[in-house]
Amino acid sequence: MRIVIVGAGIIGAALADRLTRPAPGGGPGARDEVTVVEAREPGAGTSGASYAWLNANDPADPGYHRLRTAALATWRDVAAGFGAPSWYRPVGNTMWAAAEDEKARLSDRVARLAGLGYTVELIGADRLRALEPHVRAPDGALIAHYPGEGYVYGGSAARALVRRARESGAEVVTGRRAVGLTTDGDRVTGVRLDDGRELGADVTVCAAGRHSPALLATAGIALPLVDPAEPGSAAPCLIATTTAADGVLNGLVQAPDLSARPAEDRGLVLEATDLDAGVDESASPELVRTVGAELLARARVLVPGLAADIAEVRRCVRPLPADGYPLVGFQRPGLYTVVTHSGITLGPHLAVPADREIHGEPSPELVPYRPDRQ
Ligand SMILES: Cc1cc2nc3c(=O)[nH]c(=O)nc-3n(C[C@H](O)[C@H](O)[C@H](O)COP(=O)(O)OP(=O)(O)OC[C@H]3O[C@@H](n4cnc5c(N)ncnc54)[C@H](O)[C@@H]3O)c2cc1C
């Protein structure tokens, strides 16, 4: 089967890797003729800027929680297939609440997650000191630790997956944008590139993340993603990295006003969703600097004596489905879409049933997540 995947973020990369893995018990080499088209470089989009917390830390929807829990297991398997890759960091997450209402919410969350069989423990200040010696939580905070969570370096993970797919026979076209879907009646037959080339495919996969609506619109197909240009949109966001802060954090730490973890280049990654309000792609450099300064101030409360400075504040757009859940499945004959928030957590796992569906075997696991659901 000829398959063209548009986009080499974590979603497209994981699917390309999956499609080119040797069949169980079979010989080496790809079952399909897979071509990946990437406008920039693998991992250069949202996946390379993501906070990239691997988690199933929301008990609200048990079915979705199960999907995410399965995704954590898939990450373990994928990472094991690469040996012990430096981009996979299953190092645990520590989260706390200080105000009484926040404590009640965290306590309820922990109880519900434990009820679903998720590994979580409430810990005291001594254990926090052992886990994260440089971090300070307020006296009396309620502290939860999730040893099964972690993070990945999203850009490096995507690059490693694409590299392996290429070694297994995929063709990877970088620096070329798919400017349109080609069609024959209702059927999508491939893509047209910005150099005029047309790539024919039995199945075209839209894995273009936040840019998916633009690609799909070329064939009159809609995708319910939150529009980053809408006033008050939840899609635009900022994420900061700091200069070197070696050994300051061991795992992910989530205080009520700041999420922080080690970055790939020895600094920290800092994120605070309350600071995203009012940020859009036209945010002024001054606003971006102000948010960076606030993130650093919060980091210095989290880690007293932190000497690092802000290295970069990056504007991003979350590929955010309108109802928050993944959008996965055939939208037309010959067109399969995989777009989701939490794509770092879910990418490699969604690739497994997506592979089956592309080969004609519907997957019940994906039924709640069809792109045309109302
Ligand atoms: C600040 C932030 C924090 C986040 N935190 C988390 C988290 O903690 N945990 C989690 O699981 N998820 C998190 N997410 C979400 C997660 O990062 C995304 O869901 C995921 O990275 C999406 O991957 P993707 O492959 O779909 O998109 P991308 O990584 O954007 O990849 C899409 C690729 O397609 C390419 N492309 C687009 N259009 C075309 C075209 N027409 N032709 C060719 N190529 C094209 C782009 O260049 C890009 O490389 C976060 C996101 C952000 C922004």
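**A first look around**

Guide: Domain 1 and domain 3 bury about 770 Å² between them, with 41% of it on carbon and sulfur atoms. Buried area here is the accessible area, taken with a 1.4 Å probe, that two parts lose on being put together, summed over both. Ala49, Arg210 and Val226 supply 64% of the area that domain 1 buries against domain 3, more than any other three residues.

Visitor: What am I looking at, and how are things counted?
Guide: This is a predicted model, where local features need pLDDT of at least 70 and side-chain atom pairs count only at pLDDT 80 or more, while totals for chains, interfaces and linings use all residues. Residues are numbered from 1 along each chain as its sequence is written, and side-chain values use heavy atoms, leaving out hydrogens and water.

Visitor: Okay, which stretches make up the domains?
Guide: Domain 1 is 2-50 + 154-226 + 322-369, domain 2 is 93-147 and domain 3 is 227-317. Those bounds come from an automatic or database domain assignment.

Visitor: How many residues of domain 1 are in contact with domain 3?
Guide: Ten, and they meet twelve residues of domain 3; contact means heavy atoms within 4.5 Å.

Visitor: And how many salt bridges are there across that interface?
Guide: Zero by the rule, which looks for a side-chain nitrogen of Lys or Arg within 4 Å of a carboxyl oxygen of Asp or Glu.

Visitor: New topic: where is the kink in helix 9?
Guide: At His349, shortly before the proline Pro353, and the kink is about 35°. That bend is the angle between axes fitted to the seven residues ending there and the seven starting there. Helices (H or I, at least four residues) and strands (E, at least two) are DSSP runs, numbered from the N terminus.

Visitor: Is helix 9 mostly covered or uncovered?
Guide: Mostly covered: 15 of its 16 residues are buried. Buried means under 20% relative accessible area, exposed over 50%, and partly exposed in between (1.4 Å probe, protein chains only). Just after helix 9, Gly360 takes a positive phi of about 95°.

Visitor: Which loop holds Ala52?
Guide: The one between helix 2 (46-49) and strand 3 (53-54). Phi of Ala52 is near 65°, a positive value in a residue other than glycine. Most residues other than glycine have a negative phi.

Visitor: Is Ala52 buried or exposed?
Guide: Ala52 counts as buried, because its relative accessibility is 3%. Arg266 also has a positive phi, about 85°, but Arg266 is exposed, with a relative accessible area of 51%. Look for Arg266 in the loop between strand 16 (258-262) and strand 17 (268-271).
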